[in-house]
Amino acid sequence: MDVRRAHERHPGGDRAAGIESRHAFSFGPHYDPDNLRFGAMIACNEERLAPGAGFDEHPHSHTEIVTWVTEGALTHRDSTGHETVVVPGEVQRLSAAAGVRHVERNEGDSPLTFIQTWLAPLTPGGTPSYETVHGIADSTPYAVPEAGAMLHVRRLTAGERTAVPDAAYVYVHVVRGEVRLGPEKLGPGDAARITQAEGVEAIGVTASELLLWEM
C-alpha cells in the first residue's frame with residue numbers, strides 16, 4: 001500500500017482565472033518519470049472552479065475520462081454535440097477514442113469541485129462516446145471495460161466497514177471524511193495505491209465518501 005497525502009499533490013491550474021488543480025500523477029509541465037501511472041490510471045485531478053471559470057475547448061485522444069462532481073454543477077460541451085450539466089451523484093464519462101474536443105465550465109453561482117480520472121484504454125482509437133449515469137450505488141459499480149476498470153463509490157458512517165475489491169490494482173481516493181485503511185488513517189484528498197489487494201477493508205472513522213478504482 002502506497003499512501004499519497006493531499007498536500008503531496010502537485011498544484012496546477014490558474015488561480016487568477018479561478019482554476020485550482022491538484023494532480024496526483026505526472027501532469028502537463030509537471031513531469032515526474034517515477035509517477036506516470038498506476039494500473040490503467042494516468043491522472044487523478046482534483047479541480048476547483050470559481051463561478052464563471054472553466055477550461056476552454058481543448059482536445060483529447062486515446063483516453064477514458066471519468067468525472068465525479070462533489071460540489072456545484074459542471075457544464076460540459078463537446079465536439080460530438082453533447083451538452084450537459086453534471087451534478088453531485090452523477091458519473092460522467094467521455095471516451096476520447098481517436099479524438100474529441102470539449103469545454104468544461106462552472107456556469108453556476110457557487111463554487112464547483114470535481115474529481116477527474118483519466119484511464120488508458122486497452123485498445124487506442126475508435127469512435128468517441130459520452131454518457132452520464134445518475135445514482136451510482138455502493139452495490140453497483142460503474143464499469144469502464146475499455147480500460148479494464150470499475151469505479152466503486154462507497155459512503156460510510158462512523159464505524160462502518162467496507163471491503164476493498166480484491167484486484168491487481170486498487171486506487172482509493174477519499175472524497176470527504178476520514179477512513180482507516182489497514183494501519184493508515186486517510187483524510188479528504190488522501191489516496192492509497194494498493195497492489196495485489198486481498199482482504200483489505202476500509203473503516204469509516206467519520207461519515208465519509210470514497211472512490212475505489214478496481215483495475
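Ser21 lies in strand 3, residues 19-23; strands are DSSP runs of E with at least two residues, helices are runs of H or I with at least four, and both are numbered from the N terminus. The model is predicted: local features need pLDDT of at least 70 and side-chain atom pairs count only at pLDDT 80 or more, while totals for chains, interfaces and linings use all residues. Residues are numbered from 1 along each chain as its sequence is written, and side-chain values use heavy atoms, with hydrogens and water left out.

**The pair**

Glu47 is placed in strand 4. The table sets out both residues; buried means under 20% relative accessible area, exposed over 50%, and partly exposed in between, with a 1.4 Å probe and protein chains only.

The side chains of Ser21 and Glu47 are joined by a polar contact of 2.4 Å. Such a contact is a pair of N or O atoms within 3.5 Å; within protein, one must be able to donate a hydrogen and the other to accept it, and residues adjacent in sequence count only if both atoms are side-chain atoms.

Contact in general means heavy atoms within 4.5 Å. Leaving aside neighbours within four places in sequence, Ser21 is in contact with residues including His10, Pro11, Gly12 and Phe55. On the same terms, Glu47 touches Glu20, Ser21, His23, Phe55, Leu112, Thr113 and Phe114. Glu47 and Gly12 are 35 residues apart in sequence, and their C-alpha atoms are 9.3 Å apart.

Four strands make an open antiparallel sheet in the order 15-20-17-18; two strands pair if DSSP finds at least two bridges between them. Strand 15 (161-163) and strand 18 (184-186) are the edges; each has a single partner strand, so one side of each lacks a neighbour in the sheet. Strand 15 pairs with strand 20 (residues 201-204) over 3 bridges, in the antiparallel sense. Thr162 has Ala202 in strand 20 as its bridge partner.

**The whole chain**

The chain has 0 helices and 21 strands. Buried residues make up 49% of its 215 residues. Among contacts between residues at least 6 apart in sequence, 72% join residues at least 24 apart. The C-alpha atoms fill a box of roughly 45 × 40 × 35 Å along the principal axes.
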